[in-house]
Amino acid sequence: MTYPKRNWYVIASGDDVGSHPIARTVCGEPIVLFRTTTGVAVAMDDRCPHRGYPLSAGSLCGDEIQCGYHGLRFTQQGTCTWAPGQDRIPSRARVTPRPVAEVGPWVWIWTGDPAAPEFDRLPLIPWFADAGWAHVHGMEFLDARYGLLIDNLLDLSHETFLHGELIGTPEVAESPITTTIDDDLAVVHVSRRMASVECPNFYSGSTGLRSPIDRWQDIEYHAPGYYLLHVRVAPAGSQPDGLRDHPQAAHLKVLYAITPIDDHRTMDFWAVCRDFAIDDSELDTFIARSNRDVVLQDVDALNLIEARLGDTWEPAEVSLKIDSGGLAARRVLTDLIASERPTTTPVSVGSR
Amino acid sequence: MTYPKRNWYVIASGDDVGSHPIARTVCGEPIVLFRTTTGVAVAMDDRCPHRGYPLSAGSLCGDEIQCGYHGLRFTQQGTCTWAPGQDRIPSRARVTPRPVAEVGPWVWIWTGDPAAPEFDRLPLIPWFADAGWAHVHGMEFLDARYGLLIDNLLDLSHETFLHGELIGTPEVAESPITTTIDDDLAVVHVSRRMASVECPNFYSGSTGLRSPIDRWQDIEYHAPGYYLLHVRVAPAGSQPDGLRDHPQAAHLKVLYAITPIDDHRTMDFWAVCRDFAIDDSELDTFIARSNRDVVLQDVDALNLIEARLGDTWEPAEVSLKIDSGGLAARRVLTDLIASERPTTTPVSVGSR
Amino acid sequence: MTYPKRNWYVIASGDDVGSHPIARTVCGEPIVLFRTTTGVAVAMDDRCPHRGYPLSAGSLCGDEIQCGYHGLRFTQQGTCTWAPGQDRIPSRARVTPRPVAEVGPWVWIWTGDPAAPEFDRLPLIPWFADAGWAHVHGMEFLDARYGLLIDNLLDLSHETFLHGELIGTPEVAESPITTTIDDDLAVVHVSRRMASVECPNFYSGSTGLRSPIDRWQDIEYHAPGYYLLHVRVAPAGSQPDGLRDHPQAAHLKVLYAITPIDDHRTMDFWAVCRDFAIDDSELDTFIARSNRDVVLQDVDALNLIEARLGDTWEPAEVSLKIDSGGLAARRVLTDLIASERPTTTPVSVGSR
């Protein structure tokens, strides 16, 4: 396995990008990130063209980044404006700038041809900007290949076993799913609708609902790196009424951005958006802590699998019905890698 | 070097195998171990056939082991009895069970064909079961290939230098040895009989004997992984009288089970059996601590050699007379690896 | 890149070589060092020929080194004088002794043919022995190839950025240099003469001079591993008067010995000699601490570059005028490696 590069990946939370350069690696490429005095996030190859020192170990000089070793300075377009003991700057002393885009709390980077970013393929993620929604977010590093995280997220039956204390109940593992693939858009849909089931701690604690509830999980996986779980939890039997949902229904969008660091490491960005109690900062804390705990349980599990896989790419496996989503995602990814063809990631219409 | 697999190796102390699964690696293969409610030790491949999660990270569900990721359950025969969202379990969803046998404090695993364990080749080790004997035991991990431990144990002249404070005296290194090989049984015998020599701390502290003593060391090495040192210490001049030994003679069986983890790591199981003061628990502690100290000195020394060897398998060496046992063991092992022929490890008749 | 072996390298400070053997690795070869009762530093291959145990883990037995595993003893010429259980020592049981030479605080080792050390190629370093000079010294381990340290030392414009607090001022990066190569001697000279410039903390703190000063940096790099920076700092405008320098001028010799451990690690030996306040022990402390801080800043920077380089030997680079010294050094080194021809390192005549 490797990764498709003609794509956008989340590289950082916007919070982490400021006037001190930071280093990240995406798809095997070291990138330096910083924010200009006017607030623009900038990404460039994290390597001074002179002697290879990481620019992320340097500092900002106004809106230019200065190498910490010999002081070469580069604009955010990558042009060298100063070099020691030099009147004329060699034209090869350039750093490649990388297209970035901020969408809510996330900074995306285009890992394809830097000269041809496809901005129309950026996910819009309306809930980050909608005044009727609140969100919390975070990121964990994973010592596992990104494919294991995709497997994990596309098959939520594992919630029952790995996340029993937080979001798993027996019904999750038992309930059937429906899986559909949109090959043209490289999107996989997996839907699990549970009626009159137990309310897990995460949702009772956040929404106040009590068992039994109706619980919907509708996944959209936009290959390669954007995942969206539409959650509807509501008192059992309270179906949406045509255009309007039941007043006690709560909706959450559980988002993941899956970013390969290299063949064996991944950044696992997550955000949880909600349309209830949006000004409740204690609830922010509860949801952020709970979702981080879930993510850390996944991290531990996937790191264990990766450690056993080593350099094996196609381990012997036995697939079950629950894996239809994960298998679909693998197929879509394989096609994407094979063709590096453009995919379009439209605004999610969701299941709200 | 590699290891012969059609054999029994000690994989764990029985103490360590209980209702919480544990992970061990033997001959490069990850194994999960647990004990059923009826007390039977069970070993299986430590990998869920579904998505490769280590079963050792799961838990017991009655006498079945349940994967911690998606909840698949397996009997101790490796049959899958439950999988999420599945009425019919795929027949390929099986885990390979591994033959095990408990002999005293040790759990042995058969690393050959799981369907054809050769139980007649298990060492019987009578002193573990004999009411006239007491024993203590332990295990240390070694960051060195198992061949270095075999070299070490077959040539006890190193006691003088590496274990001078505990079991080595000048006479050990100075005394000649006799070495014989039983090629059919893949057993090497090395014998060193010392008359009227200094009594080292380990034996004065455990037996109360004082210098000078007669000290016998009779080694049996049963390739690949079982080693037995028959020790007789007695007042100088007190030869056994035909069938009966001198009343002040003390006998110890110092056992090692040498288990390759992989090409560069080893489990070093040890046990010390004695036929004196068998109800003395302070003596248990003294012997266990002293022998562990000896083992840790070996561990440090062999790890140093391994670190220098790296991937070298046949370093330039100069062999001495003291190496006749180690060289014989290497030849027997090489033959065993080459042929993977069955060897028979009979009950040791010993030199008691 | 690799390293020329027909050469002398500094392997240790003499302070570190005593009656307890120590282990060092030079050009990929493990070496044991110790000092005899008569005070002679001895170096040998750090491997017992019997079973490969590091001799550095053994101990001295008079002036012989004794293996800690089986007790073999070797003279400082590498002859085995004792082996356990052996009347006749096998002639192959020999350790190769390595030629060494102590020059001031440094112990040099000859890594070429042990039978043919070229003592005439040892640097003499007169300031270590001259009663008119004082010196301090130290060593840091570098997780970077030695070529990166040579690049670093041959281009002092980096002082302005990496060592701004200590020895760098804007003028260093701005001032032009002259570079000359003596191909026959494998010596590179780089000279930077700064007139009426700022006095950095290192020199104001050590000499008491105040800005503006005249500051001279005259480098001699003797490939592969000896580097000498002649420093003259003096009140601005105070040129040497023919044979005699200005009474307020201070002179320092900043020496580096660059020793490859292996392809990716280096020992960075340094010494600072001065011709002023030579009995001032507080000044010793100030200079030693300051120079060590400078070295540690280099260590951090070069380790970062090495981590990115991995196994790459010829990264894409853009060279500047300031790199003329470094590029010259690389060419001289490449020639040296290619030919392994003898080079002569004469006594430095310096610029004092």
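Reader: At what angle do helix H1 and helix H6 of chain A pack, and how far apart are their axes?
Author: This is a predicted model. Two packed helices are described by the angle between their axes and the distance between the axes. Here H1 covers residues 146-154 of chain A and H6 covers residues 324-339. They pack at an angle of about 140°, with their axes 7 Å apart.

Reader: Which residues of H1(A) and H6(A) make the contact?
Author: Each helix gives residues to this contact. H1(A) brings Ile150(A), Asp151(A) and Leu154(A). From H6(A) come Gly325(A), Gly326(A) and Ala329(A).

Reader: Is the crossing of H1(A) and H6(A) left-handed or right-handed?
Author: Take the pair again: the axes of H1 and H6 in chain A are 7 Å apart. The crossing of H1(A) and H6(A) is right-handed.

Reader: How many helices and strands are there in chain A, and what is its radius of gyration?
Author: Chain A has six helices and 18 strands. The globule rule gives 20 Å for 352 residues, and the value for chain A is close to that, so chain A is as compact as a globular protein of that length. Its radius of gyration is 22 Å.

Reader: What share of the residues in chain A is buried?
Author: A residue is buried if 20 or more other C-beta atoms lie within 10 Å of its own. Chain A has 352 residues, and the buried share is 50%.

Reader: What share of the contacts in chain A joins residues at least 24 apart?
Author: Count contacts between residues at least 6 apart in sequence. Of these, the share joining residues at least 24 apart is 59%.

Reader: How many residues of chain B are in contact with chain A, and of which classes?
Author: In chain B, 20 residues are in contact with 20 residues of chain A. The side of chain B that touches chain A has 10 nonpolar, seven polar and three charged residues.

Key. Residues numbered from 1 in each chain as written. Chains lettered and ligands numbered in written order. Predicted model: local features only at pLDDT ≥ 70, side-chain atom pairs only at ≥ 80, totals over all residues. Helix = DSSP H or I, 4+ residues; strand = E, 2+ residues; numbered from the N terminus. Rg over C-alpha atoms; globule rule 2.2 N^0.38 Å. Buried ≥ 20, exposed ≤ 12 C-beta atoms within 10 Å, placed from the backbone. Contact = placed C-beta atoms within 7 Å. Axes fitted to C-alpha atoms, helices over the stretch in contact; angles between N-to-C directions. Left-handed = near helix turned anticlockwise from the far one by under 90°. Nonpolar A, V, L, I, M, F, W, Y, C, P; charged D, E, K, R; others polar.
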